[in-house]
Amino acid sequence: MGRSEERHAARGTPAVELIAVRKYFDAGAIKALDGLDLSVARGESVAVSGPSGCGKSTMLHLIAALDTPTSGMIRVGGQDISLEHDLARYRRAHIGLVFQLHHLLAQLSARQNVEISMFGTGQSSRKRRERARSLLADVGLSGSGERSPTRLSGGERQRVAIARALANSPELLLADEPTGSLDEASVDLILELFKRLRAERPELTIILVTHDARVAASADRIVALRYGRVEDDDLGRHSERPAS
Ligand SMILES: Nc1ncnc2c1ncn2[C@@H]1O[C@H](COP(=O)(O)OP(=O)(O)OP(=O)(O)O)[C@@H](O)[C@H]1O
Ligand SMILES: [Mg+2]
């Protein structure tokens, strides 16, 4: 049995379940998601691929409760997220999100960009600052905390965005092309970072959108979307390998 299958077989509450999720825009003219079913086990890492416009970012935004589905249900940690009253609290408590274009604020330093996600957690500003510094050190940017993201390379910005997503120790990390437009060496750094993170926090669930075959291969499982649905899912691929 592969790692993903084992996690599913352990039958704990899935980390994330999408059940017949639809997301239509423009009065149904655009079907970004059109009956998406997906269950992700706790501690699993899933790479999501598929052509531009197939609904990958939309799926992550719905899981992060940045938008609501047209129909269908999304459960995170067994809870129907449409029943959450306080979505900001929900996101802080459960979700780390790395946006497709990292969305760092240019007016703030790298450290302040990381600190922002800790606002509302009740931590003192000194605590937030210390934590931001240590997160930046974790992603290999200890010397760059006081610089503006405009003065960082693409790979460095992505790492700041990952540090920000990890600030509140999420149980679910959603990353939208965290290695998009990066060179090989920067991709290696980010893959290394994810690997270390997973070793340190085996309960962390990761859903990662990527077009990079190498990044996808680093995940336990690869899911391909097309026209807003799951077209292909290699859950159990490891068990299909002939014994050597
Ligand atoms: N806010 C919106 N209003 C209208 N249409 C939208 C909106 N957001 C997304 N769409 C449309 O929904 C579809 C899915 O978009 P989405 O961003 O999820 O694709 P994607 O798979 O992430 O693509 P890419 O690989 O280019 O990032 C596209 O046709 C897109 O134009
Ligand atoms: Mg996208």
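Me: Before we turn to the labels, what does the secondary structure of the protein chain come to?

Reply: In this predicted model, the protein chain holds nine helices and ten strands.

Me: What makes the protein chain as compact as a globular protein of its length?

Reply: Its radius of gyration is 18 Å, and the globule rule gives 18 Å for 244 residues, so the chain counts as compact as a globular protein of that length. Along the principal axes, the C-alpha trace spans about 50 × 45 × 35 Å. Of the 244 residues, 44% count as buried, and 74% of the contacts with a separation of 6 or more are made by residues 24 or more positions apart.

Me: How do you know how much confidence the predictor has in the protein chain, and where is the pLDDT below 50?

Reply: The mean pLDDT is 91, and 95% of the residues reach 70 or more. Over residues 240–244, however, the pLDDT is below 50, and beyond near neighbours in sequence this stretch has zero contacts in the model. Where pLDDT is low, the predicted coordinates should not be read in detail.

Me: Why is Glu-177 called buried?

Reply: The cut-off for buried is 20 or more other C-beta atoms within 10 Å, and Glu-177 is called buried because it has 22 of them. Glu-177 lies in the loop between β7 and α7 (184–200), and its phi is near 50°, a positive value in a residue other than glycine.

Me: Why is Ser-169 called exposed?

Reply: A residue is exposed at 12 or fewer such neighbours, and Ser-169 counts as exposed because it has 10 C-beta neighbours inside 10 Å. Ser-169 is placed in the loop between α6 (154–166) and β7, and its phi, near 45°, is again positive in a residue other than glycine.

Me: What makes β6 and β7 a pair of strands?

Reply: Pairing needs at least two bridges, and four bridges join β6 to β7 (residues 172–176), the two strands running parallel. Val-98, for instance, has Ala-175 as its bridge partner in β7.

Me: Which residues surround ligand 1 most closely, and how do you know which element supplies the largest share of the shell?

Reply: The shell around ligand 1 holds 13 residues, the closest being Phe-25, Ala-32, Ser-52, Ser-57 and Thr-58. Both β2 (30–40) and α2 (56–63) supply at least two residues of the shell, and the largest share, three residues, comes from α2. By class, the shell has four nonpolar, seven polar and two charged residues.

Definitions and conventions. Residues numbered from 1 in each chain as written. Chains lettered and ligands numbered in written order. Predicted model: local features only at pLDDT ≥ 70, side-chain atom pairs only at ≥ 80, totals over all residues. Rg over C-alpha atoms; globule rule 2.2 N^0.38 Å. Contact = placed C-beta atoms within 7 Å. Near = placed C-beta within 6 Å. Nonpolar A, V, L, I, M, F, W, Y, C, P; charged D, E, K, R; others polar. pLDDT = per-residue confidence, 0-100.
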